[in-house]
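Welcome, and please open your viewer. We will go from one selection to the next, with a short note at each stop on what is there.

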Amino acid sequence: MTRNASITLIFVAILASATMAQTTEFTYQGSLTNGGSAASGNHDFEFVLFDALSGGGQVGSVITVNGVTVTNGIFAVKLDFGSAFPGAGRYLEIHVRQTGGGAFTVLSPRQQINSAPYSVKSLTADNAINAVNAVNATNAANASNATNATNAVNFSGSLGGDVTGTQTASTVTRLQGRNLANTAPTNGQVIKFNTATNQWEPNAESTGGGGTITGVTAGTGLTGGGTTGSVTLSIANSGVGSGQLADNNVTDAKINTVSGSKVTGTVANATNATTATTATTATNSQ
């Protein structure tokens, strides 16, 4: 008994909900002859995928389909070897017997599986416009070379978001969603946020004991102070009273001249005085 098969590969669209989607399943259609005549009746088939026309290694598992109706030699089955078609050559070996018969007959030669038109758009591709995983891609989630990619080894095109420019000339223009001033820093400066301009800017590094001063307030008898920039404190008019003078802090050596009108009461000794106990020159003396 002699059997052989010729094939036509047709990739079919699978309806998922209301959306057309490609899967790894395809329809195999062949022509089976028996002793030179077209075979008929139910037959059992085994389909084995190889990486060479003869010899080579098996790819994936054996697919067994029993009770296939063969009419005037024509039969069709659905096969799914999974992700077994990376682009390298694949060859299908077919084993057949009449249903309920004895051993399988191996058909020869193996059938080379060629690309169908829509297999150019595949779930996984070395080169693709849009792909989940791709070596070279325009848009890809993971890619070695990509124009736009989530994870990419090499990419081309323009960057967006907080980084602008190209791969070899990229510029960080924002930090945490805030603009970064396009100002060249000087030696020792660091990047600080300026609330007045609402952007990051180069500025001198803070030094000191590590404390934080939020403002300087003028106390009793003083004026000035502030909360930003350089601040100045000074003695206010009439800012020094008896409460600010400690006992025995004002001595004779610290008093050079005193106008007589500024002295009231009795002065024990004075050079010039309106009223004095002892005085070199005095208007009235006791």
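A residue is called buried here if its relative accessible area is under 20%. Keep that cut-off in mind, as several stops use it. One more thing before we start: this is a predicted model.

**The whole chain**

Begin with a cartoon view of the protein chain, which has 22 strands and 0 helices. Of its 286 residues, 21% are buried. Among contacts between residues at least 6 apart in sequence, 37% join residues at least 24 apart.

**The largest nonpolar core**

Now select Tyr28, Phe45, Phe47, Leu79, Phe81 and Leu92, the residues with the most contacts inside the largest nonpolar core, which has 21 residues. Colour the elements that give two or more residues to this core: β4 (26–34), β6 (41–50), β7 (58–70), β8 (74–79) and β9 (91–98). Which of them gives the largest share? That is β7, with 4 residues. In soluble globular proteins, nonpolar side chains tend to be buried together.

Stay here and centre on Leu79. Leaving aside residues up to four places away in sequence, its contacts are Thr24, Glu25, Phe26, Tyr28, Phe47, Ile63 and Leu92.

**The aromatic rings**

Next, show the side chains of Tyr28, Phe45, Phe47 and Phe75, which form one aromatic cluster. Are Phe45 and Phe47 buried or exposed? Both are buried. The whole structure holds 6 aromatic pairs. Phe45 and Phe47 make a stacked one, with 5.8 Å centre to centre and 15° between the planes.

Turn to Phe45 and Phe75 for another stacked pair, at 4.5 Å centre to centre with 25° between the planes. This pair links distant parts of the chain, since Phe45 is in β6 and Phe75 in β8, 30 residues apart. Phe75 is buried, as is Phe45.

**A charge over a ring**

Select Arg110 and Phe50 together. Arg110 lies over the face of the Phe50 ring, at 3.6 Å from the ring centre.

**A three-stranded sheet**

For the last stop, pick out the open sheet of 3 strands in the order β19-β20-β21, paired antiparallel. β19 (216–217) and β21 (233–235) are at the edges and have a single partner strand each, so one side of each has no neighbour in the sheet. Between β19 and β20 (residues 222–226) you will find 2 bridges. Zoom in on Thr217 to see Gly225 of β20 opposite.

Definitions and conventions: Residues numbered from 1 in each chain as written. Predicted model: local features only at pLDDT ≥ 70, side-chain atom pairs only at ≥ 80, totals over all residues. Heavy atoms only, no water. Core = buried A, V, L, I, M, F, W, Y, C linked by side-chain atoms within 4.5 Å. Buried < 20%, exposed > 50% of the residue type's maximum accessible area, 1.4 Å probe, protein only. Contact = heavy atoms within 4.5 Å. Pairing = 2+ DSSP bridges. Phe/Tyr/Trp six-rings, centres within 6.5 Å; stacked < 30°, edge-to-face > 60°. Lys NZ or Arg CZ within 6 Å of the ring centre and 35° of its normal.
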